[in-house]
Amino acid sequence: MRKGKISVFSIASYVLVTLFSMFCLLPFLMVISGSLSPEKDILKYGFTLFPKSISFISYKILFLDANRILNAYKVTIFVTVAGTFFNLLINAMAGYVLSRKELKCRRFLSIYTIITMLFSGGMVPWYIVCVNYLHLKDKIIALIIPYLAYAWYILLLRNFFQSIPDEMHESAKIDGAGEFTIFVKIMLPLAKPALATVGLFAALGYWNDWWLGLMLVDETAKQPLQLLLRTIVSNVTFLQSSPNAAMMQQVSATIPAEGIKMAVTIVTIGPIILLYPFVQRYFVKGIMVGAVKG
Amino acid sequence: MKVQNVYDKRGNAFKVILKDIAKHKSLYMMFLPAMLLLLLFNYLPLSGLILAFKDVNFKQGIWGSDWTQPIYNNFIFLFSSDSALRAFRNTIVLNGLFIAFGVFFEVSLALLLNEIGNKRFKKVTQSITILPYFVSWIVVGVFAYNFFSTDNGTINGLLASLGIPRVEWYSKPAAWPFILVMINRWKISGYGAIMYLATLTGIDSSYYEAAQIDGASKWHEIKYITLPLLRPTIIILTLLQVGKIMNADFGMFYAIVGDASQIFSSSDVIDTFVYRGLKQTGDIGMASAAGFVQSIISFVLVISSNLWARKMDKDSAIF
């Protein structure tokens, strides 16, 4: 377009974008640095971009309490996998139904779905419904089912199914396939790009969620990773209730509180950082096609 | 005779629907799970809005609790509570700031990224700017602590090395609107820029070629071509956000501000206020009254902002 000419504006673009990227990356680097710094350095110099010297004590102590971390990991992985699967299934089925023009109640069902995006009863009624009527308190499924049906995903998938030519459906129908078979065998494979996007959003949502845990699950054994992070960050002495507290004492006479907060943060975001380069492009594509129409 | 006709028609419509359901049984069955879940987690809580007029009793639930005497009793407490009014004010002010800075940062970032010719560089930097969107607010809370903690925070470390005394950030309310805007921009700018970038890449390059033949400067191109073409996207995305101005991002405030009550005067919002009433102080009457007011105002705002957005572009509103 603008060939050969290096304008002031394009140089400025490179500079500003680089600066903003560094700003985005900075907190991540600081946490890594903090998790590798000996406690005395943190207390003396504060959190710094690069560690003054390297120490793995924070990680060592953290892994002496590995059971609880592994347990929280298990909860989060289970919630993410099961949640994403059922989320996709339920919303894809609903989106598919809304895309079938022959249904007389299609409009009513669309409105029924859209209304949930416009009105909200708020936190208090939601909480009372979950606890009093659905008895979700301290159940592991409480971390999954409240997020399963989501109007935005339903409409996004409906739009995608609408873009699939009707002939696909008709030829399968002539072959005598039932509706559910057509959906599973023909429509779902065709909808892979949309399912990838919704699945990614759903998985990210479940992985990062702690709201459901905060509201509905008080038992520590059933709490997800993000809540364990919060517990340890707000109260490092929590670690001393570990059965391995004595061994922790041997590794370090005092618990390196600040270093541990950073180490547990790294343990929490590790999988996301590792997977990020692979999933990121589906995410960007998904937002671009995600403009929901009514 | 006429009455009979109407009756027939209604009866027929009902029959037609039943017939349709019988005919497409398996299709309707496939909608059932979503229908039930939306009923339980969206429609049932919606009926719970009446709690605002009740003396909430957990054992008796939504419908069993007694009505308050007088019926607006919870609202008397709500509107005479300084901290409730403060929460409403903070929600609107902070969300207003987030929206204003959001538009500026997101449009600027999209313009800058669009200007970058090196594809690899563009891809890597765009990925980095979206990365913060992928971490939870709890993690962001730790990041914030890294920078602003009084004893070990980076900011105070820098101040100390310049010979400036340490600042107790978590007891300086005046600083927090600024800090929260900064954190909000850090987390969401890259994500928000995606939509604008999509619009930008769709602009026909012949506009720019024509402008260049006429000797337009870069600034003129942006001012007279790019921004006018971005205008509908900007207006619509902003409108949709204004529709949600009464809803604070609970996660953000809970994870970053938390129990630091010394900065509540500038950073306690409706959602955290309601949460405390529900889970900590037990003042559920006031919490549900606050939630009620929030829901009603939100409803009006969402409907009107969507109607307005639809006027501009039929495809962008949710209904």
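Biologist: How many residues of domain 1 of chain B are in contact with domain 2 of chain B?

Modeller: This is a predicted model, where local features need pLDDT of at least 70, side-chain atom pairs count only at pLDDT 80 or more, and totals for chains, interfaces and linings use all residues. Residues are numbered from 1 along each chain as its sequence is written, with chains lettered from A and ligands numbered from 1 in the order in which they are written. Contact is called when C-beta atoms, placed from the backbone, lie within 7 Å. On the domain 2 side of chain B there are five residues, and on the domain 1 side the count is four.

Biologist: And which class are those domain 1 residues of chain B that touch domain 2?

Modeller: Ala, Val, Leu, Ile, Met, Phe, Trp, Tyr, Cys and Pro count as nonpolar, Asp, Glu, Lys and Arg as charged, and the others, Gly among them, as polar. No polar and no charged residues turn up on that side of domain 1 of chain B, so by that definition the four are nonpolar.

Biologist: How far apart are the C-alpha centres of the two domains of chain B?

Modeller: The bounds, from an automatic or database domain assignment, are 2–53 for domain 1 and 74–312 for domain 2 of chain B. Between their C-alpha centres the distance is 39 Å.

Biologist: Now chain A against chain B: which helix of chain B gives the most to that contact?

Modeller: The contact takes 85 residues from chain A and 78 from chain B. The chain B side divides into 48 nonpolar, 25 polar and five charged residues. Helices here are DSSP runs (H or I, at least four residues; strands are E, at least two), numbered from the N terminus. With 14 residues, the top contributor from chain B is helix α2 (residues 25–47).

Biologist: What is the radius of gyration of chain A?

Modeller: The secondary structure of chain A comes to 14 helices and zero strands, and its C-alpha trace spans about 75 × 65 × 35 Å along the principal axes. Taken over C-alpha atoms, with the globule rule of 2.2 Å times the number of residues to the power 0.38, a compact globule of 294 residues would sit near 19 Å, but chain A has 25 Å.

Biologist: What percentage of chain A is buried?

Modeller: Buried means 20 or more other C-beta atoms within 10 Å of a residue's own, with C-beta atoms placed from the backbone. Out of 294 residues in chain A, the buried share is 42%.

Conventions:
Two residues are in contact if their C-beta atoms, placed from the backbone, lie within 7 Å. A residue is buried if 20 or more other C-beta atoms lie within 10 Å of its own, exposed if 12 or fewer, and partly exposed in between; C-beta atoms are placed from the backbone.
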